[in-house]
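Take a look at the two chains below.

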Amino acid sequence: MDEIKIKCKNEIRSFFGLTLINIVVAALIMALGIGFGITQLLVVINSGEILLTPLFLIGAGFTAVIAGVYWLTKTAEILYGIDQINSTYEQLPQHPNQDQVTNVFVEMLAHYRKNQPLIGTMTSLGRISGVIFIIVGCLSLIYAGYTLLVSGIVIEGLSQLAGGIIAACVGIGSFLIAKYFKSYAGVWETRLQMEPTIQDALKKQLEGN
Amino acid sequence: MKGRRTNYEIYWEILVFCWKPKTFTSIINRCDLNSKIGQEHVHFLTEKNYLLLQIQDDKKTYITTEQAQEYITLFTQLYRKMFDNSPSFKL
């Protein structure tokens, strides 16, 4: 029973950690989206020309803001559920009985069932924002390289360089989150595949009476 | 918030909760059910002789019967197996 309790603990803590990281990345994506969007909007306004790259960056920036807000609120919902499961787990005695541990399993299963479509969306969102931020990061790095080559070491070039590195890092972070969400979903899919057999056995037991 | 539970899980929760006599109100509060659904589940379990209605001094309570033990044991075994057989998730 203690072994299964440790397994439970690891899963709850890992998913809690993953959700927290997800919130940080969502907030960063939102902040970077606002940053890129407004900066590029100012570039277009100041130059008075409609250039393709700044327009793409404005679009990407504001899409990231919308995605970030959605991401943040939905992750908070998942976090709330995980926090409740964690509270149930924390209330377990040192040596819990079978019913107490099974109660945690039931809560975890119910939580996953409820959030299954959302976790799928998180995986997709992570990949999409990963691609967008890596492209944005690369474009900023190219701009930074160009500015630094033409104008020498100037603040504008250095800030573009920093922005590009941060965007690329957030992009990689998004990919990693998508990877972990997929891994988490994979574990639960394996469990849910067992459900029809389990429900069949329980149905037979109930019908037997 | 209890997530999305199956009827079998709700039956199990009610039965485990009612090892000691419990009122209908405490059952629906503990299992996060509305009155109508709670009544359906309690009625189903009572019909199966898994729950026994006790009336003492006008106070109605439900208690899990020995007959329910088989269902509870099977449920616990199957759910344990579900977590035993699957890979654990670690960040």
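How much area do chain B and chain A bury between them, and what share of it is on carbon and sulfur atoms? They bury about 4,100 Å², with 68% of it on carbon and sulfur atoms. Buried area is the accessible area (1.4 Å probe) that two parts lose on being put together, summed over both. Chain A puts 43 residues into the contact and chain B 38, where contact means heavy atoms within 4.5 Å.

A word on conventions. This is a predicted model, in which local features need pLDDT of at least 70 and side-chain atom pairs count only at pLDDT 80 or more, while totals for chains, interfaces and linings use all residues. Residues are numbered from 1 along each chain as its sequence is written, chains are lettered from A and ligands numbered from 1 in the order in which they are written, and side-chain values use heavy atoms, with hydrogens and water left out.

Chain B has four helices and two strands. These are DSSP runs, numbered from the N terminus: helices are H or I with at least four residues, strands E with at least two. From the N terminus on, the order is α-α-α-β-β-α. The C-alpha trace of chain B spans about 55 × 30 × 20 Å along its principal axes.

Now the helix pairs across the interface. Two packed helices are described by the angle between their axes and the distance between the axes. Axes here are lines fitted to C-alpha atoms, for helices over the stretch in contact, and angles run from 0 to 180 degrees between N-to-C directions. Helix H5 (residues 195–207) of chain A meets helix H4 (residues 69–85) of chain B at roughly 170°, and their axes come within 10 Å. H5(A) is therefore roughly antiparallel to H4(B), a label for angles over 145 degrees. H5(A) contributes A:Ile198, A:Ala201 and A:Leu202, among others, and the H4(B) side includes B:Tyr71, B:Leu74 and B:Phe75. By class, this contact has 10 nonpolar, one polar and two charged residues. Ala, Val, Leu, Ile, Met, Phe, Trp, Tyr, Cys and Pro count as nonpolar, Asp, Glu, Lys and Arg as charged, and the others, Gly among them, as polar.

Helix H3 (residues 98–151) of chain A packs on helix H1 (residues 7–17) of chain B. The angle is about 150° and the axes are 11 Å apart. This pair, too, is therefore roughly antiparallel. The crossing of H3(A) and H1(B) is left-handed: the near helix is turned anticlockwise from the far one by less than a right angle. Among the residues in contact are A:Thr102, A:Val106 and A:Arg113 of H3(A), and B:Glu9 and B:Trp12 of H1(B). The classes here are four nonpolar, two polar and four charged.

Which residues form a salt bridge in this region? B:Glu9 pairs with A:Arg113, the closest N and O atoms being 2.6 Å apart. A salt bridge is a side-chain nitrogen of Lys or Arg within 4 Å of a carboxyl oxygen of Asp or Glu. The rule finds one salt bridge across the interface of chain B and chain A.

A:Asp99 also lies in helix H3 of chain A. Leaving aside neighbours within four places in sequence, A:Asp99 touches B:Trp12, B:Val16, B:Trp19, B:Ile72 and B:Thr76.

Finally, look inside chain A. Helix H2 (residues 52–90) and H3(A) cross at roughly 155°, with axes that come within 9 Å. H2(A) is therefore roughly antiparallel to H3(A). Their crossing is left-handed. The contact residues divide into 24 nonpolar, 11 polar and three charged.

Over all chains, the structure holds nine salt bridges. One of them joins A:Glu11 and A:Arg191 (2.5 Å, N to O). A:Glu11 lies in helix H1 (residues 2–47) and A:Arg191 in helix H4 (residues 155–193) of chain A, so the pair ties together parts that are 180 residues apart in sequence.

Note on methods:
Parallel < 35°, antiparallel > 145°, perpendicular 65-115°, else oblique.
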